[in-house]
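Hi,

Here is the structure I promised to pass on to you. Have a look at it first, and then read my notes below.

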Amino acid sequence: MFRIGVDVGGTNTDAVLMEDSKVLESCKTPTTADVMSGVRNALNTVLQSSGVDRGTVDAVMIGTTHFTNAVVQRRHLAQTAAVRLGLPATASLVPMVDWPEDLRDLVGNHYALAHGGHEFDGRKISEIDVDELKRIAGDIAAKGIKAVAISAVFSPVNTEMEQEAKAILEKELPEAHFSLSSDIGRVGLLERENATIMNACLRDLSDSTITAFKEALSEAGLSAAFYLTQNDGTLMSEALARRFPVLTFASGSTNSMRGAAFLSGLKDAVVIDIGGTTTDVGALQKGFPRQAGVAVEIGGVRTNFRMPDVFSIGLGGGSHVLGTASDIQVGPQSVGYRLTEDALIFGGSTLTASDIAIAAGMADFGDASKVSGLPTELIEASVSRMQEMLSVVVERMRLSPEPIPVIVVGGGSILVKDQIGDLPVKRPENHAVANAVGAAIAQISGEIDRVYALTEQTRDNVLNEAKAEAIEKAVEAGAKRDTVEIVDVEDVPLAYLPGNATRVRVKAVGDLDGLS
Amino acid sequence: MASRKLDEQQLDDLAVGAAILGTGGGGNPYIGKLRVRELLRQGKDIEIIPLEALGDDDLVVSVGGIGAPVVGIEKLERGDECFQALKAIEQETGKTISALIPAEIGGSNSMEPLITAAQAGIPVVDGDGMGRAFPEIQMMTFFIYGHSPQPAAIADEKGNVVVFRKVQDMYWLERFARTIAVDMGAAAGFADPPMRGDFIKRYAIPETLTQATNLGRCVRLANEENRNPLDAIQTEAGGQLQFRGKITDVRRELKGGFAVGRVKLESLENPNDLAEIDIQNENLILRCNGTVTVSVPDLIIVLNVDSGEPITTEVLRYGMRVAVMAFPCHRLLRTEAALKVVGPKAFGYADVNYQPLAN
């Protein structure tokens, strides 16, 4: 089976062509302003150099920071109306209250509070008020807004109110699209609501982006199934990705760590991803990135997504090297993408971390004669400073005193020696395109999210039934049966409801069929 | 000390300082801080007055949220729950409340009195009932020193208000209040029984709002000016650096509703120097090379060694580089009566004799 993984980053667009678990071809091309021509170039490059028949490619997986960047750079965001059900509770803090002002202004700061929502135990805070929602719909229509985000208190436990409100608003606003918070996040109203509003304001962009991705594929002569990677390292179908662009947030670091695990064959390790300006360090546990325990901010907005626990430092191939041997400073300033113009080895006049690596004989590219005059003490001091910076972050990410391997990936990995502190360094083949590999090997998931009555059957039976169904769903979506595992089980009892109800969420994950 | 008006900068500093004085627990002040900030932006004034400004006959109440923390981040308050509970106390007693005081400066409970003060148009007293964070209501100095448990009141967002007119002791009060809070949806506003000005002046831990604000400011300024925040906390805020180390082990378990654990540290200066911190929601005991050097009720605070930011107990993990800072607790927590409730033995450390940290 042939598959192509693409990683669309801020600087580079990488692609890998894989046959089963083997990387046949890879390439790194500059990301283009229109994004799509860069994707088309990358696809064409790997297809041409491999000579693989385009008709035999089964799947294309794209990991993209496009939607994250849209929020960070405040571009292409639609005016959005936030409707929250929870009155009389929640009035003390309105939607978007802690957003950066420029972003809030950009999406219009349109919000309405309405009655509805549930208590923690399943009782209603108040009934939905149909007339109130109709009035709100009237305001939204009058402003010409077509993106609506609905949140309700405790909707992760009971989705009813959000569904009902959507049905009422939809009748009045036939052209609008709706994002429901229960589809997007977990308990923690402000953070879940933030993510839902961001999703709503990105829906138009996701529509056009996904259409453009499809065009890029068809222009490259590919008719393969097409997926986007999401932040948990699994794939979203094209249809789902159109509806939930926000779920692609932070898929980049997940892909890079999953790619590192795959390329090295290691399941437990610290992963260092060194780019031009920054180094991201994370930890792999059983092949998956360890998740962060605290709230994650995207473009200055708090969300409660589960994201990889990644620590970043300002060290990369383009980092400025300043000072003298006795007082050396590496980064955080960087020449970034101008490395091939500004670095000494490329005839420029800025001393960078890459120049030091060449002078120290750790790598071989550019013109080494340009750095032959650097004082030995300066080179040694810079190398040990970089080792020290990396060693501090690695220690931070380490899970126990047990020795654990360090996998180094990314274009700047020449800055690393064979050992960090007492830990061995692994630099797997194709490490420079680990992101794209991570996208190519991303898995397929099946999810069950349902309320069961425990009077008719026992909790164990219910969980087993839900697990079996989730596995079937994953297989239906394209996962290979013998690789499917249950990765997440959550059951939330809903007390005071008739029939002793419990809400069960089960997630099963497996390899896309065809990958060994 | 003169009275002052709270501004947004002080509020940000106070939130950081309150998290530091949370000694590893106390809950996150984030939601509360946002609510205070909104009130300030609406033009409300929040006045903070020194203890001396209270008249002996003035009545002071402490207010706070009651319920489950996980509900508090989902069912946000309507906004005036504590204010309604306060009004119920005034109605019950027929007296006017002159000022509010935080029950606990450490963590999230530092914020609610500021919110209610803005709504009621009365000042907040610069002090609190713990000087840090503790897990239970009877650990407030007010109750340690014999404050009456009645009348108290609880209010929800739907307009329900319940007044506890006659209760036998604070344990009954705690029990009834918890039960009603659950029926109210596990997020409600609570007002403690009123205290007289002369009582507060004797038994409140003084100037803790100022202490928290100063702590937060000194960490912020040190970071802004690229100075070492740990040095700043020592020279400007009275912290005593105990240990700088790397976490080598974290063990945790749930025991009777408390997060109980032990953290081991290895010194950054000399790897042969070891330290251990015992945790029950908050940091309670610090041992260096096997000897107890600081114990509850003195404050043991774990900070990020670079930024000086406080690290709560649930976030501690292998490999973190931390500084352990201690602050002497107030003398009101060091009396025989207080140590019975908040000393090492009250937390089950039978073999630890409390040795006061030097001031």
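One thing to keep in mind while you read is that this is a predicted model. I'll begin with a pair of helices in chain B, move on to a second pair, and then zoom out.

**Helices 4 and 5 of chain B**

Helix 4 of chain B and helix 5 of chain B are roughly perpendicular to each other. Why does that word apply? Their axes cross at roughly 65 degrees, and angles of 65 to 115 degrees count as roughly perpendicular. To find the two on your screen, look for residues 81–93 (helix 4 of chain B) and residues 112–120 (helix 5 of chain B), whose axes come within 9 Å. The crossing of helix 4 of chain B past helix 5 of chain B is right-handed.

Which residues do the touching? From helix 4 of chain B there are B:C82, B:F83 and B:L86, and they meet B:E112, B:I115, B:T116, B:Q119 and B:A120 of helix 5 of chain B. Sorted by class, the residues of this contact are five nonpolar, two polar and one charged.

**Helices 1 and 2 of chain B**

Now try the other pair. Helix 2 of chain B covers residues 30–41, and its axis comes within 10 Å of the axis of helix 1 of chain B. Here the axes cross at roughly 170 degrees, so helix 1 of chain B and helix 2 of chain B are roughly antiparallel to each other. On the helix 1 side of chain B you'll find B:E8, B:L11 and B:A15, which meet B:K33, B:V36, B:R37 and B:L40 in helix 2 of chain B. This contact has four nonpolar and three charged residues, but no polar ones.

**The domains of chain B**

Zooming out, chain B is assigned two domains: domain 1 (4–206) and domain 2 (239–347). Their C-alpha centres are 27 Å apart. How many residues of each are in contact? For domain 1 of chain B the number is 18, and for domain 2 of chain B it is 20. Helix 1 (8–21) and helix 6 (141–144) of chain B each supply at least two residues of the domain 1 side. Helix 1 of chain B gives the most to that side, with three residues. By class, the domain 1 side has ten nonpolar, seven polar and one charged.

**Chain A**

Chain A has 13 helices and 24 strands. Its radius of gyration is 25 Å, close to the 24 Å that the globule rule gives for 516 residues, so chain A is as compact as a globular protein of that length. Along the principal axes, its C-alpha atoms fill a box of roughly 80 × 50 × 50 Å.

The domain assignment for chain A gives domain 1 (2–70 + 208–265), domain 2 (80–203), domain 3 (312–436) and domain 4 (443–510). Between domain 1 of chain A and domain 2 of chain A, the C-alpha centres lie 33 Å apart. Five residues of domain 1 of chain A are in contact with six residues of domain 2 of chain A. On the domain 1 side, those residues divide into five nonpolar, no polar and no charged.

**Where the chains meet**

Finally, the contact of the two chains takes 24 residues from chain A and 22 residues from chain B. What gives the largest share of the chain A side? That is helix 11 (residues 376–397) of chain A, with three residues. The chain A side has 14 nonpolar, five polar and five charged residues.

Enjoy exploring!

Key. Residues numbered from 1 in each chain as written. Chains lettered and ligands numbered in written order. Predicted model: local features only at pLDDT ≥ 70, side-chain atom pairs only at ≥ 80, totals over all residues. Domains from an automatic or database assignment. Contact = placed C-beta atoms within 7 Å. Nonpolar A, V, L, I, M, F, W, Y, C, P; charged D, E, K, R; others polar. Axes fitted to C-alpha atoms, helices over the stretch in contact; angles between N-to-C directions. Helix = DSSP H or I, 4+ residues; strand = E, 2+ residues; numbered from the N terminus. Parallel < 35°, antiparallel > 145°, perpendicular 65-115°, else oblique. Left-handed = near helix turned anticlockwise from the far one by under 90°. Rg over C-alpha atoms; globule rule 2.2 N^0.38 Å.
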